[in-house]
Amino acid sequence: MLTKTEIRISGASVHNLKGLNLSLPHESIIAVTGVSGSGKSSLVFDVILAEAQRRFFETLSHYSRQFMSMEKRADVESIEGLCPAVGLPQYEQLPSSRATVGSFSDLTELLGVLFSGKGKAFCPEHELPLFPQTPDEISQQLIRDYSDQRMAICAPLSVAKQGSFQKELDHYARKGFLKVLLDGSFLSIDPLPKIDAEKKHSLSLVIDVIRTGVKSQDRLTRAIAAAAEESKGYAECWLAKDLSGPLPPPVSYSLSGGCQICHFSFPKVDPRYFSPNSLGRCLRCDGRGSYPAHGAELCEDCKGSGLSQLAACTRIGQTSAMDCHLMNLSDLHSFISSLTISDPGSELLKGELLRKITGMDQLGLGYLSVSRRLTSLSTGEYQKLRLASLPVRQLRGLLYVLDEPVQGLHWRETAAVMARLRELRDQGNTVIMVAHHRELIREADYVVELGPGGGTQGGELLACFRPSEAENIVSFSQTARSLLQKPLSGSQGCSDDRSLSACHQDFFRLRHVHFLNLRIEEVCFLAASLNIICGVSGAGKSSLLRGAVFPAASAEPSEAAEGRIEWIPPKDRTLRSVRYFGREPLAAKGAAFPATILDVYTHIRQLFASLPEAQISGLTLRDFSLQAGGGRCENCSGQGQVSLKMTFLADAQVECPECQGQRFQEKVLNIQYRGLNLAQILKLSLDESIEFFSSFPKIRKKLQLASELGLGYLGLGQPATGLSGGEAQRLKLASWLRADPDVLILMDEPCRGLHFSEVHQLMKVLRRLTSAGATIMITEHHPDAILYGDWIVELGPGAADQGGQLVWQGSGRDFMSRDENII
C-alpha cells in the first residue's frame with residue numbers, strides 16, 4: 001500500500017527501460033548505479049525529474065506555457081508521491097569564457113546591489129570623496145573645459161534597457177520637449193518614433209543645445225538644473241557639432257557627488273555598473289580580465305577583475321568593489337561579516353551574501369575569488385561550485401536529482417559532498433543521484449542497481465537494497481559485491497617496480513615549471529608506461545598536463561608559462577607525436593552517430609558508392625551522406641523522425657512519414673551490400689558490424705577498440721544525442737586512441753562518467769597501448785584507475801596557492817603502500 005513516504009513508479013519504459021516498477025523512500029539519499037547505458041539517467045532524469053517538471057508546468061496557464069520549453073509526458077504507466085524537483089544534470093558543454101565564479105553564483109549581482117546602495121564614490125585622480133555639486137558649479141566647469149563648444153544638455157532616462165519607451169516619449173512630447181538621444185543619435189519625438197522593444201537601448205532627454213561660454217552661463221545652469229530634475233540628480237553633456245549622426249560618449253555629472261578639485265563625477269549608478277559582463281566592464285579588456293590574443297596577459301587597468309574604474313573607486317570603508325571581486329571567498333566572508341548595517345533590506349542582502357559564500361567555503365572553495373573565470377577551474381572545482389549553487393536554505397519536501405555529484409573530485413573531497421547531501425536529507429528532502437563512486441554508494445541510504453549491460457542489454461531492475469543489506473544479495477548484485485570489497489593495496493597493473501634512481505635513463509623529465517599555481521623544479525614520467533597525476537581538485541594537475549607537458553613535449557612555446565620550461569626525453573627515445581585528450585564533451589549534434597564519431601562511415605559510403613549498382617544508377621559518395629542533400633530523406637533531413645508541433649503541449653517526435661524512419665531516399669535504399677542496404681547496416685550493433693565488415697581492416701580496427709571498451713551493443717547509426725555520459729566518454733576515447741609506438745598520449749580524467757567495471761576495461765586497454773610502446777600520462781581521481789599506474793605523480797598538498805607542489809612521485813606499488821593513501 002502506497003504511503004506518503006514513497007515515490008512509486010510503475011511501467012517505466014523510456015529509452016531502454018523495460019517496464020520498470022519500483023518504490024523509492026522519501027527523505028533519503030538514493031544512489032542509482034549500474035554500467036553506463038544501463039538506464040540510470042533515463043530513470044532519474046527522463047522519468048522522475050521530467051515528470052516532476054511537467055506536472056509543475058501543467059499548473060501554469062496556457063498562455064504562460066507557450067513561452068516555455070515543456071517536457072513531453074514520460075513513457076510510464078504511473079508515478080505517485082512526486083514532489084517539486086530541482087535537477088543538477090551532468091554538464092554537457094564548457095562554460096563561457098566570460099563566466100566567472102561571481103556570475104555563476106550570483107555573488108556579482110549581490111555585490112552590485114550592496115555597493116550601489118552603500119558604497120561611497122571617490123575621484124579616481126585625486127582620491128577625494130565626491131561631494132554634492134550645484135548646477136552653477138557644473139556649468140562653470142563646462143565653460144572652463146569645453147569653451148566655445150556646442151553641447152547638448154540631456155537628462156539620462158535609461159541605460160541599456162529593453163523597451164519601446166512609448167509612454168515616456170508621449171509624456172515628454174506633451175510637456176513640450178522636441179528631441180531625445182537614442183543610442184547616441186538625435187531623434188525627434190513628434191511624431192512618436194517606433195523603437196524595437198526587443199533590443200536594449202540607452203535613452204536621454206534633450207533639454208537644450210547650447211554653445212558654451214560666459215554669455216551662456218545662465219542658460220547652461222538652467223539646462224543642467226532641468227536635466228537633474230528630470231533624471232533625479234544627473235546630467236549628461238554631449239559634444240554636438242550638428243544634430244545628425246552618432247555622437248561620442250558624453251561627460252556625465254551628478255549633483256549628489258563630484259570632486260572638489262576637478263569636479264569629476266560618475267554617471268547614475270545601478271548594480272549593473274559593478275558587473276564585468278554589463279555596464280561595469282573594463283573597456284580596455286572588454287570585461288575579460290585579460291587579453292586572449294596575447295597569451296591571456298592580465299589587464300593591469302582592472303587587475304584581472306574585468307571591472308571598470310567605477311568599481312575601483314566605490315568603497316565601503318577602505319574596501320572597493322574591485323577589491324571584493326579580487327579577494328578570496330574566505331576573506332570576502334570576513335569583510336561582509338564585519339559590515340554594520342541597520343536597515344532591514346541591507347541586512348537581508350548581507351545574510352544572502354554570507355549564506356552563498358559559506359556554502360562554497362564548506363565545499364572547500366574558500367580560496368576562489370569572485371572574478372575567477374570558470375574556464376580556469378578544474379573539473380572538480382567546477383563540480384563543487386555547481387553543488388554549492390543548489391538551493392538549500394529552509395527548504396523542505398523537495399526532490400534533488402543529481403548526476404554523479406563527485407565527478408572530478410579526489411576521494412578525500414567526497415566527505416564534504418556527502419555532508420551537503422545529508423544536510424539536504426535531514427531538512428526533510430529527498431536526494432536521488434546517479435552514482436558510480438563506491439564510497440558515495442556506501443554512504444547512501446538506499447541503492448537501485450540497473451543492468452545487466454548497456455543499451456538493449458540493460459534497462460532492467462537488478463536490485464534495490466540498503467547498503468547494510470549488501471551481504472544478502474552478493475550472488476546477483478555486482479554493486480553489492482563491490483561495496484563489500486576490502487580496501488585495495490598494491491598496484492594491480494604494474495609490470496615492474498622501477499625506482500627513480502635505478503632507471504634514470506627511462507624517464508621523461510620536466511624542469512622549471514613555474515606558472516599559475518605550479519612551483520615545480522623537476523618532475524619525472526616513466527617512458528612506455530602508464531603515468532597517473534593525482535591530487536585534490538585545484539592542485540594543478542590539468543595545468544601541469546595541458547599547460548606544461550603538452551607544449552614542452554610538442555616543442556611549442558607555452559603562452560601561460562613564466563620563463564622556459566625544460567623537457568628532457570630519455571636517451572635514444574624520440575617521440576613521433578604528442579596527443580592531448582581534453583575534457584571537452586562529445587559533439588553530439590545533428591547527424592552524429594557512432595559510425596561518424598569512429599570515422600568509419602566515410603569508408604562505408606565509399607564502399608556503397610563503388611558498387612556496380614550505385615554506379616549504374618549514377619549515385620555518388622554524396623548521395624550516401626546524411627549531412628548533405630542528395631540521397632537522404634529531405635523531409636526529416638536524414639534523422640528518421642520529425643518534430644510534431646503541439647500548441648500548449650510539448651513537441652512530439654514521430655516517425656518520418658516520407659521514409660518510414662529509413663532516413664534515405666528509395667534510390668539509395670535499393671543499393672545493397674551482402675543483402676543489406678545502408679539503413680539496415682546502420683541498425684547493426686558495433687559487434688555485428690565487426691563481423692559484417694571483417695574483410696575491411698580499416699573499418700574493423702576502429703570498431704574493435706570501441707567493442708573492447710564495452711560499447712559493442714551500440715547501434716552503428718544510433719543518434720549520439722541519446723548516449724549516456726559514460727557511453728559518450730568511451731566512444732570519444734575509442735575514436736581517439738591508437739596503439740602507435742613512441743607516441744605520448746595525454747588525457748585529462750578519461751574515467752569521468754564510467755562505472756567501476758568500465759574503469760578496469762579502459763585501464764586494461766591503456767596498459768595494452770603502453771605494451772606497444774606508447775607513453776601515457778593521465779590526470780585521474782578514480783581509486784580503481786590509480787591502482788593500474790606504473791608511475792604516480794601527486795600534486796598538492798592543497799588547492800590554488802596551497803597546491804602546485806610536487807608532493808610525491810614514485811612507482812604505483814610504492815604509492816599504494818603509503819599510509820596516507822586510503823582507497
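**View 1. Pro797 sits in the loop between β32 (791-796) and β33 (805-811).** What we're looking at is a predicted model: local features need pLDDT of at least 70, side-chain atom pairs count only at pLDDT 80 or more, and totals for chains, interfaces and linings use all residues. Residues are numbered from 1 along each chain as its sequence is written, and side-chain values use heavy atoms, with hydrogens and water left out. Helices (H or I, at least four residues) and strands (E, at least two) are DSSP runs, numbered from the N terminus. The bond to look for joins Gly796 and Pro797: it's a cis peptide bond, with omega about 0°. Most peptide bonds are trans.

**View 2. Gly451 and Pro452 are also joined by a cis peptide bond.** Here, too, omega comes out at about 0°. Pro452 belongs to the loop between β19 (446-451) and β20 (460-465).

**View 3. Leu516 has a positive phi without being a glycine.** Its phi is about 50°, and you'll find Leu516 in the loop that links β21 (507-515) to β22 (518-526). Most residues other than glycine have a negative phi. Is Leu516 buried or exposed? Leu516 counts as exposed because its relative accessibility is 56%; the cut-offs are under 20% relative accessible area for buried and over 50% for exposed, with partly exposed in between (1.4 Å probe, protein chains only).

**View 4. Gln660 is another non-glycine residue with a positive phi.** Phi is about 50° for Gln660, which lies in the loop between β27 (652-655) and α20 (666-669). With a relative accessible area of 46%, Gln660 is partly exposed.

**View 5. Arg730 is a buried residue of helix α24 (residues 725-734).**

**View 6. Helix α24 is mostly covered.** Nine of its 10 residues are buried, including Gly726, Glu727, Lys732 and Ala734. What provides the cover? Among the elements over those buried residues are β25 (577-581), α17 (594-597), α23 (697-708), β30 (743-748) and α25 (756-771).

**View 7. Met433 is one of the residues with the most contacts inside the largest nonpolar core.** Such a core is a set of buried Ala, Val, Leu, Ile, Met, Phe, Trp, Tyr and Cys residues joined through side-chain atoms within 4.5 Å. Beyond four places in sequence, the contacts of Met433 include Ile29, Ile30, Ala31, Val32 and Leu421. There's a second, separate core of 73 residues, with Val600, Phe624, Leu703 and Ala785 among them.

**View 8. Zoomed back out, the chain has 27 helices and 33 strands.** Its C-alpha trace spans about 95 × 70 × 65 Å along the principal axes. Of the 823 residues, 55% count as buried. Take the contacts between residues at least 6 apart in sequence: 68% join residues at least 24 apart.

Notes
Contact means heavy atoms within 4.5 Å.
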